[in-house]
Amino acid sequence: MTGKLPRTASVASALEGAKLHAPAAARNAQALSDLLVAHAPRDGTALELASGTGQHVVAFARALPALTWQPSELDAARIASINAYAVEAGLDNIRPARRIDATSDKWHVAYGGHDLVVLINLLHLIPEDAAFRVVTEAVAALNTGGRFVLYGPFMRGGRFISEGDARFHGQLSAADPAIGYKDDSLVEDWLRGAGARSVERAEMPANNLAFIARA
């Protein structure tokens, strides 16, 4: 679905109850917006994978108004929430959310062709094979010279950098042994193997890390 979101009073009222709230998204929206302002292209199209509630894409669209933002999600309730936040914000550079499974094979064929792809806080929540597909497909979805910005908690050189990170990873893997923190060197290998011409890193608040890969 492309085009603009309808912004009549009746639509806005109907969507208001669809809005979900993630405290973490509220906390890190400014730091992530600053990261994108520093590294994203000035204009073109931007795809956010696994957009969650929609809080982030509104912040990003405000920070980078010359980019046209395409949010995406799998879950219908989250898609409704994304659209509700976008309608409330009244921004012309956010498209209606698409349903995209970022872990599926070859999704870039249908949904690629972007100058920026953004992924926030997903890799530690999915198995390694799915994480590999997300990363390689995201790079494949970029136009030449485009950037993939990937953010989240990672191990560094096979080690956790804080007790809190080790504890959180343990909680994740106790719930599902297939998921948990991925190692930074492994993720960089995936990015380069997918065809990224360069990979930068940026240390982020709360022990998080961002990768900026250029196609």
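The lining of the largest cavity comprises 5 nonpolar and 3 polar residues, with no charged ones. Here Ala, Val, Leu, Ile, Met, Phe, Trp, Tyr, Cys and Pro count as nonpolar, Asp, Glu, Lys and Arg as charged, and the others, Gly among them, as polar. The model is predicted, so that local features need pLDDT of at least 70 and side-chain atom pairs pLDDT 80 or more, while totals for chains, interfaces and linings use all residues. Residues are numbered from 1 along each chain as its sequence is written, and side-chain values use heavy atoms, without hydrogens and water.

The residues that line this cavity are N121, L122, L123, H124, Y151, G152, P153 and F154. A cavity is a set of points on a 1 Å grid over the protein atoms alone where a 1.4 Å probe fits but cannot get out, and lining residues have an atom within 4 Å of a point.

Turning to the backbone, A50 is not a glycine, yet its phi is positive, at about 50°. A50 sits in the loop between β1 (44-49) and α3 (55-63); helices (H or I, at least four residues) and strands (E, at least two) are DSSP runs, numbered from the N terminus. A206 also has a positive phi, near 60°, and belongs to the loop between β8 (198-203) and β9 (209-214).

A50 is partly exposed, at 26% relative accessible area, whereas A206 is exposed, at 64% (buried is under 20%, exposed over 50%, partly exposed in between, with a 1.4 Å probe and protein chains only).

Notes
On a 1 Å grid over the protein atoms alone, a cavity is a set of points where a 1.4 Å probe fits but cannot get out, and a pocket is an open set with protein on both sides within 12 Å along at least five of seven lines; lining residues have an atom within 4 Å of a point.
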